[in-house]
Amino acid sequence: MQRMAPASQHVEVILAGTGGQGLILAGILLAEAAIREGKNVVQTQSYGIASRGGLSLAEVIIDTEEIIFQQVQKPDCILALTEEAVKKYEAWAARGVPILYDSTLVKARTGPGFVGYGFTRRAADLGNELGVNLLALGALATKTTVVKIESLEQTIRKNFKGSAVGMNLKALAAGRDLAAG
């Protein structure tokens, strides 16, 4: 498997989908995992008028140096969990930016840059449909060099309690396995 590697130590990631899919949380967890690795991070979020059902967006900028401009200008990777999100960002694929998308909810895309995984289907198979965000995050971390899976696992252990820890680690591992397979 060839990994998608960022061109520099400055990495910009967009996580986009629908409100309620947990992408804001995924962005926060990704940012915290990068901080664990000693990197500088800026994480921003926005969502449509409706908290569930509207476009939800998290942007994460990771750098080994100081981050001056705090908005994504040229993403290194885009995670899109809905058709609307893929349509919004699909032009980036033609520019060489990998777009990981949920093939359960999004029409199949061909061409360089598009990588589809059945995130929602796999989360349902695990009995944890709410874990689609962590499943997708596991695939993103495996497919790129943005953060180590171990850093995400530590972040999950810190931020969740009780049975949620095991469920979320299982979802993360399932995403890792999807992308590695």
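This is a predicted model: local features need pLDDT of at least 70, side-chain atom pairs count only at pLDDT 80 or more; totals for chains, interfaces and linings use all residues.
In helix 5, the buried residues are Val132, Asn133, Leu134, Leu135, Ala136, Leu137, Gly138, Ala139, Leu140, Ala141, Thr142 and Lys143, so that by the cut-off of under 20% relative accessible area the helix counts as mostly covered, with 12 of its 12 residues buried.

**Helix 5 and helix 1 as elements**

- Helix 5 has 12 residues and spans 16 Å between its first and last C-alpha, close to the 16 Å expected at 1.5 Å a residue.
- Helix 1, which covers residues 23–36, has 14 residues and reaches 20 Å from its first C-alpha to its last, again a value close to the expected one, 20 Å at 1.5 Å a residue.
- Helix 1 is also mostly covered, since 10 of its 14 residues are buried, namely Leu23, Ile24, Ala26, Gly27, Leu29, Leu30, Ala31, Glu32, Ala33 and Ala34.
- The buried residues of helix 1 pack against strand 1 (11–18), strand 2 (40–47), strand 3 (55–63) and strand 4, and also against helix 5 and helix 6.
- After helix 1 comes Gly38, which has a positive phi, near 80°.

**Packing of helix 1 on helix 5**

- Two packed helices are described by the angle between their axes together with the distance between those axes.
- For helix 1 and helix 5 the angle is about 40° and the axes are 9 Å apart; the two helices are therefore oblique to each other, and helix 1 passes helix 5 in a right-handed crossing.
- On the helix 1 side the contact is made by Leu23, Leu25, Ala26, Leu29 and Leu30, which meet Asn133, Leu134, Leu137 and Leu140 of helix 5.
- Sorted by class, this contact of helix 1 with helix 5 comprises eight nonpolar residues and one polar residue, with no charged residues.

**Packing of helix 1 on helix 6**

- The axes of helix 1 and helix 6 (149–159) come within 8 Å and cross at roughly 115°, and the pair is therefore roughly perpendicular.
- Here too the crossing is right-handed, with helix 1 passing helix 6.
- Leu29, Leu30, Glu32, Ala33 and Arg36 of helix 1 meet Ser151, Leu152, Gln154, Thr155, Lys158 and Asn159 of helix 6.
- The contact of helix 1 with helix 6 divides into four nonpolar, four polar and three charged residues.

**Leu30, a residue of helix 1**

- Leu30 lies in helix 1 and counts as buried because its relative accessibility is 0%.
- Beyond residues up to four places away in sequence, Leu30 touches Val13, Val60, Leu137, Leu140, Val146, Val147 and Leu152.

**Cys77, a residue of strand 4**

- Cys77 is placed in strand 4, which runs over residues 77–80, and with a relative accessibility of 3% it counts as buried.
- When neighbours within four places in sequence are set aside, Cys77 is in contact with Glu12, Val13, Ile14, Val97, Pro98, Leu100, Leu140 and Thr144.
- Leu140, which is among the buried residues of helix 5, is 63 residues from Cys77 in sequence and 8.5 Å from Cys77 in space, C-alpha to C-alpha.

**Helix 7 and Asn168**

- Helix 7, formed by residues 163–180, has 18 residues and a reach of 26 Å from first to last C-alpha, close to the 26 Å expected at 1.5 Å a residue.
- Its buried residues are Val165, Asn168, Leu169, Ala171, Leu172, Ala174, Gly175 and Ala179.
- The cover over these buried residues includes strand 6 (114–117), helix 4 (119–125), helix 5 (132–143) and helix 6 (149–159).
- Asn168, which is found in helix 7, counts as buried because its relative accessibility is 10%.
- Apart from residues up to four places away in sequence, Asn168 touches Asn128, Leu134, Ile156 and Phe160.

Conventions: Residues are numbered from 1 along each chain as its sequence is written. Side-chain values use heavy atoms; hydrogens and water are left out. Helices (H or I, at least four residues) and strands (E, at least two) are DSSP runs, numbered from the N terminus. The expected span of a helix is 1.5 Å times one less than its number of residues. Buried means under 20% relative accessible area, exposed over 50%, partly exposed in between (1.4 Å probe, protein chains only). Contact means heavy atoms within 4.5 Å. Axes are lines fitted to C-alpha atoms, for helices over the stretch in contact, and angles run from 0 to 180 degrees between N-to-C directions. Angles under 35 degrees count as roughly parallel, over 145 as roughly antiparallel, 65 to 115 as roughly perpendicular and the rest as oblique. A crossing is left-handed if the near helix is turned anticlockwise from the far one by less than a right angle, and right-handed if clockwise. Ala, Val, Leu, Ile, Met, Phe, Trp, Tyr, Cys and Pro count as nonpolar, Asp, Glu, Lys and Arg as charged, and the others, Gly among them, as polar.
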